[in-house]
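Please look through the sequence and the three-dimensional model shown here before reading the report.

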Amino acid sequence: MQAMVLERLGEPLKLVERPDPRPADGEVRVRVAACGVCRTDLHVVDGELPNPKLPIVPGHEIVGRIDAVGGRVDNLVVGMRVGIPWLGHTCGHCRYCRDGRENLCDHPLFTGYTRDGGYATHVVADARYVFRLAESGDDVATAPLLCAGLIGWRSLRMAGDGKAIGLYGFGAAAHIIAQVARWQGRDVFAFTRPGDVAAQAFARKLGARWAGSSEEKPPDELDCAIIYAPVGALVPAALNAVRKGGRVVCAGIHMSDIPGFPYRLIWEERELLSVANLTRKDGDEFFAVAAKAGIVTETASYPLGRANEALSDLRKGRLQGAAVLFVQ
Ligand SMILES: [Zn+2]
Ligand SMILES: [Zn+2]
């Protein structure tokens, strides 16, 4: 197999030849067709997340077909089209797993962070954390659903069912969740970096009622807001834009420090919370919704060997929609 490997934090990934991995009991091996490039991959590469496995193969938005099955796997067979998400394993017996909150498991493994991921021709996964996908479909277009879509969906659910919803940072997740929110009959207000008129036009094209700079106040009060950009300064901005009792959800795994802000911004029962990871139930719900809502993703695709370029384009904000690696 071939893989793009991070050997040391902060260095470019290297294309490495490795022996084909063999799935152990309870595991499957997947021949990767496409793997999305998520902002979290940048946080892994930059060393902003604690204790990554090194060397690591990043990538947790994987679409491919099963090409080998380990022992004691009875629900998956060779040839099935599947997706592999960020949540790679949970312990099943800590208080969070027992309470149906496996996203907060005390002893989890995460694909592309603490177990090898999908920037590769092959990946081995715990069979219990693999989603079965429709047999047909565009692999590149599907890949961003595995994290941008899925964690986007969890953050949308956590935001509540308010009609006027603000999305801060109009990248891979927001461009999918804007479509879901429109399908649900909500009004979307999209906030981008000041001056990013291309992203604002993109948001309007996807049905946003208003699109503007994150430094602006929207024309109407928001019921809720989700922050997808890793920028702490957006927290007081979003709190300032939501109504009394409104909710602000931080959807990223890492964010720059939140600046001090006056108490009045959170007064009147405004709520601020973060969303961590996903559960398998989120995945089952989201893939059903995505099919009904007719989500169309916008992607920029790169061959596997050009993963460093994809990461760099994401870092520089050069992308509209999502970057995806494909394996020929
Ligand atoms: Zn657990
Ligand atoms: Zn992700």
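The report below goes from the whole protein to its sheet, its helices and a few backbone details.

## Basis of the report

This is a predicted model, in which local features need pLDDT of at least 70 and side-chain atom pairs count only at pLDDT 80 or more, while totals for chains, interfaces and linings use all residues. Residues are numbered from 1 along each chain as its sequence is written, and chains are lettered from A and ligands numbered from 1 in the order in which they are written.

## The whole protein

The protein has nine helices and 17 strands; helices (H or I, at least four residues) and strands (E, at least two) are DSSP runs, numbered from the N terminus. Its radius of gyration is 19 Å, close to the 20 Å that the globule rule gives for 328 residues, so the protein is as compact as a globular protein of that length. Here the radius is taken over C-alpha atoms, and the rule is 2.2 Å times the number of residues to the power 0.38. Along the principal axes, the C-alpha atoms fill a box of roughly 55 × 40 × 35 Å.

Of the 328 residues, 47% count as buried, where buried stands for 20 or more other C-beta atoms within 10 Å of a residue's own, exposed for 12 or fewer, and partly exposed for values in between, with C-beta atoms placed from the backbone. Among contacts between residues at least 6 apart in sequence, 69% join residues at least 24 apart; a contact requires C-beta atoms, placed from the backbone, to lie within 7 Å.

## A parallel sheet

Six strands form an open sheet with parallel pairing, in the order β12-β11-β10-β13-β14-β15; two strands pair if DSSP finds at least two bridges between them. Because β12 (210-213) and β15 stand at the edges with a single partner strand each, one side of each is left without a neighbour in the sheet. From one strand to the next, the twist averages 20 degrees.

Within this sheet, β13 (residues 222-227) pairs with β14 over five bridges in the parallel sense, and I227 has C250 of β14 as its bridge partner.

## Two helices

Helix α7 (residues 234-241) lies across β10 (164-168), β13, β14 and β15, and runs at about 150 degrees to β14. Such angles run from 0 to 180 degrees between N-to-C directions, with axes fitted as lines to C-alpha atoms, for helices over the stretch in contact.

Helix α6 (residues 197-205) has A199, Q200, F202 and A203 as its buried residues. Seen down the axis of α6, these fall within an arc of 160 degrees, so they line one face of the helix; the arc is that of the directions from the helix axis to the C-beta atoms. They pack against α5 (172-183), β11 (187-192) and β12, whereas the face turned away from the buried side carries the exposed residues V197 and A198. Just after α6, G207 takes a positive phi of about 105 degrees.

## Backbone details in loops

Most residues other than glycine have a negative phi, and most peptide bonds are trans. R72, although not a glycine, has a positive phi of about 55 degrees; R72 is found in the loop between β4 and β5 (81-84) and counts as exposed, with 10 C-beta neighbours inside 10 Å. E268 is not a glycine either, and has a positive phi of about 65 degrees; its place is in the loop between β14 (242-250) and β15 (271-274), where E268 is exposed, with 11 other C-beta atoms within 10 Å.

The peptide bond from L54 to P55 is cis, with omega near -10 degrees, and P55 has its place in the loop between α1 (39-45) and β4 (62-69).
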